[in-house]
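Me: I'm new to protein structures and would like to walk through one with you. Could you show it to me and take my questions?

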Amino acid sequence: MQNLDKDPASDKKPTTADLQRSFQRHLQYTLVKDKFTATKADLYLALAYAVRDVLVNRWLDTQQSYYINDSKRVYYISMEFLMGRALGNSLMNLGIMEDWQTALKQMGIDEEELQEQEWDAGLGNGGLGRLAACFLDSMATMSLPAYGYGIRYEYGMFYQKIINGSQAEFPDDWLRYGNPWEFERQEHLHQIKFNGRVQTYQDSNGDTRYSWVDTADVMALAYDFPVPGYGNETVNTMRLWSAKSTRDFELGSFNQGNYIGAVESKMRTENISKVLYPADHMAEGKELRLRQEYFLSSATVQDIFYRFLKKHSNLSLLPEKVAIQLNDTHPTLAIPELMRILLDDKRLGWDEAWQISIRTFAYTNHTILPEALEKWPVTIMERILPRHLQIIYRINELFIQQIIARFPGDNERMRRMSIIGEDGERSVRMAHLAIVGSHSINGVSALHSEILKKDLFHDFYELWPERFNNKTNGITQRRWLKYSNRWLSDLISSSIGDRWVTNLDELKRLIPLAEDSEFREQWMEVKRANKVRLAAYIKTHNCIDVSPDSMFDCQTKRIHEYKRQLLNVLHVITRYNRIKANPDGNFAPRTVIFGGKAAPSYYMAKLIIKLINYVGNVVNNDPDVGDLLKVVFLGNYNVTLAEMIFPASDLSEQISTAGTEASGTGNMKYSLNGALTIGTLDGANIEIMEEVGRDNIFIFGMTAEQVSGLKKAGYNPYDYYFHNTELKLAIDMIGDGSFSREDRNLFKPIVDTILGLDTYLLLADYSSYIMSQDSVDKLYQQPDEWARTSILNTAAMGRFSSDRTISEYAREIWDIKPEKISRHSRRDLY
């Protein structure tokens, strides 16, 4: 028994037999199974628990080191974390993947099969959540004292199925079989208040104080997830909050004999952490969304205080030991929550509390779309968070005084900048609150940050230019190349070494190899192998045969009109018409692959999904077309599916209207895996172009300035519709039922939208897009040159590592430094 309980984190490298004993111990004693009764799910859990053992000592050591060294820590608050599967990532970062593969193989178990048993945690909807996950990986790999804070959604984002071409949403019950990677922390339980009223009183010094009373309370229970760094001793923490009813609340109802009512109240209370992003087109959903955001903000700020006060009683030191990064506007209520605690609980004066708060918070903006900038009606906030609304009013009052002092008589500017919006229903502008309450405001690409300064937040930039900066997004090469594209990773490492795993600039050493014909051949062999793997997945899940020799043309991202999946569809239809008109033409065979979810209440986005599938049904079953063109929509796009798509992609579609995409990170993941980009001068596409060179990327369409100029001049979609025969034919086919013969008016709303408003200027960019696609065809028909360009794209991705992004945040915003981890827990647990 001594061998079974051997310290899994000791200095001595465990033998194959040690690993097997650890696996068998968990199978027998943790899961109470043997080889006769164990399912594949049990085998996965036994492996997960064994790997978790290795994490635990490092995790304890990390937290002890931060505490003993009194490190300044950063707290990254996000409504979304798309972490992906934890098992493979842990095996890779701990450097024990091959050891476990060998140990399990000797037992007749396929380690990769066990990885397939893990359910993706649906704790996000897209780039925002995946960016947060990449950042946590980088912070741990760089040994930075950091915590991620979010919500432990019981169901998370919905599970998407495509039924008769339409998106259908089902509960994503990712916790159904438990989660071996989480640790419930019952000692970290925080009271979250809602509703009630504010009571005014005089303290012993005669100062007016406020007390928030008669509240309806919810408890926030912490669940911790380990986040291991790559190749080091650091294991950071992602803490997620789960809503629990208060004991008093339940007992009160039970004691009155109202058992059913008590259960219903408990369920309503715990709804806060049930689902990610409830539909907010209804009042109930809007209110629940606000409750979620405050629940996350309050629990996190209370937890930060709890940790800070363990070592410090001087509250003025808070900004010296704490940095809080707001990932978009969702956690902005953390600002008035911190002020509430400093004012009401810690009894500080306003000026001192406000200076502490501003120096603590930093805000990242992720969108320039007006509808995505959160605004909460005053009437709702007054009822749910009365004390916070008071504090926001006071913040705004003092802020307005600053505006008047700096720009006297400029009432229009004052109206534009006020935290309280007076246009229509009075509302709290959360982005304005975040800017006023933070010492740093950053965009996430060079273009995006310039738009913030020159347009969206220009008034604020004029007032506080020193607060604005850019931090171009990045991705972790460990997840998106080393782990997800192992064949390519092995080829790169065998050619230039593996230092790129922690220093992505090393990929520049691939540039000379782009001229090596043998290396180009190996590069394309890897690409084809990945395409064969994805083709098999498509056959299994979509019942569509696609050729791995065709160009895999991919657009996988959240479905939204500004991302212009519809422009891609117009190209597909145009291409289809060209093939039908000239079946013997010189076309490069293409498989056009879509993936992404539409918000359940977003009618137009869901109709676009339906159009993609209906067009695909016609194209894929037309014998005149054959393998020259296939259209595939992959359902339930998530991190695991992305890990299969990116390595197999040839062409990356990054075609949003210039000036609408803040950054994008899918563009980086595709390029890192050797896909060529067709895109607009939008978001990080511009910086990718600067790195790979204009000759190695397909740029089309208007610039952000041209888009703005066209809209101001008066844009008329019909000018383009009537003057481009191919465009007119494609739109007419959508509208006349060519793809929906059972309901010829099915897609009429799409036609009405693009001919009526065309908000995102699809028709204006169509001609340039088609010409660029023709250039793609020509290059793809030169395999050697395509391979060379593919290698150069990967080689140029050093700038887009999240390690670089995080180093800039740490140095320029958070003022935190790497922390050496000492081995405390291995000497004495008590």
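This is a predicted model: local features need pLDDT of at least 70, side-chain atom pairs count only at pLDDT 80 or more; totals for chains, interfaces and linings use all residues.

Me: Which element gives the most to the lining of the largest cavity?

Reply: The largest cavity holds about 130 Å³ of space. It is lined by 14 residues (a lining residue has an atom within 4 Å of a point), and those closest to its centre are Glu 561, Leu 566, Thr 753, Ile 754 and Leu 762. Helices (H or I, at least four residues) and strands (E, at least two) are DSSP runs, numbered from the N terminus, and those giving two or more residues here are α22 (565-581), α23 (603-620) and α30 (748-756). The top contributor, with three residues, is α30.

Me: How many charged residues are in the lining of the second largest cavity?

Reply: This cavity has about 110 Å³ of space, and β1 (73-77) and α9 (283-309) each supply at least two of its lining residues. Ala, Val, Leu, Ile, Met, Phe, Trp, Tyr, Cys and Pro count as nonpolar, Asp, Glu, Lys and Arg as charged, and the others, Gly among them, as polar. The lining has four nonpolar and two polar residues, and the number of charged ones is six.

Me: Are the five residues of β1 buried or exposed?

Reply: Buried means under 20% relative accessible area, exposed over 50%, and partly exposed in between (1.4 Å probe, protein chains only). On one side of β1 lie Arg 73, Tyr 75 and Ile 77, with Val 74 and Tyr 76 on the other, and both faces are covered. So, by that cut-off, five of the five residues are buried.

Me: Which residue in β2 is the bridge partner of Val 74?

Reply: Two strands pair if DSSP finds at least two bridges between them. β1 runs parallel to β10 (residues 322-327) with five bridges, and there Tyr 76 stands opposite Gln 325. β1 also pairs in the parallel sense with β2 (residues 146-151), over four bridges. In β2, the partner of Val 74 is Ala 146.

Me: What is the relative accessible area of Ser 143?

Reply: Ser 143 sits in the loop between α6 (127-141) and β2. Beyond its neighbours within four places in sequence, Ser 143 is in contact (heavy atoms within 4.5 Å) with Asn 232, Thr 234, Lys 817, Pro 818 and Glu 819. The C-alpha atoms of Ser 143 and Asn 232 are separated by 7.9 Å, although the two residues are 89 apart along the chain. Ser 143 counts as buried because its relative accessible area is 13%.

Key:
Residues are numbered from 1 along each chain as its sequence is written. Side-chain values use heavy atoms; hydrogens and water are left out. On a 1 Å grid over the protein atoms alone, a cavity is a set of points where a 1.4 Å probe fits but cannot get out, and a pocket is an open set with protein on both sides within 12 Å along at least five of seven lines; lining residues have an atom within 4 Å of a point. Grid points are joined across faces, edges and corners, and a volume is the space filled by probe spheres set on the points.
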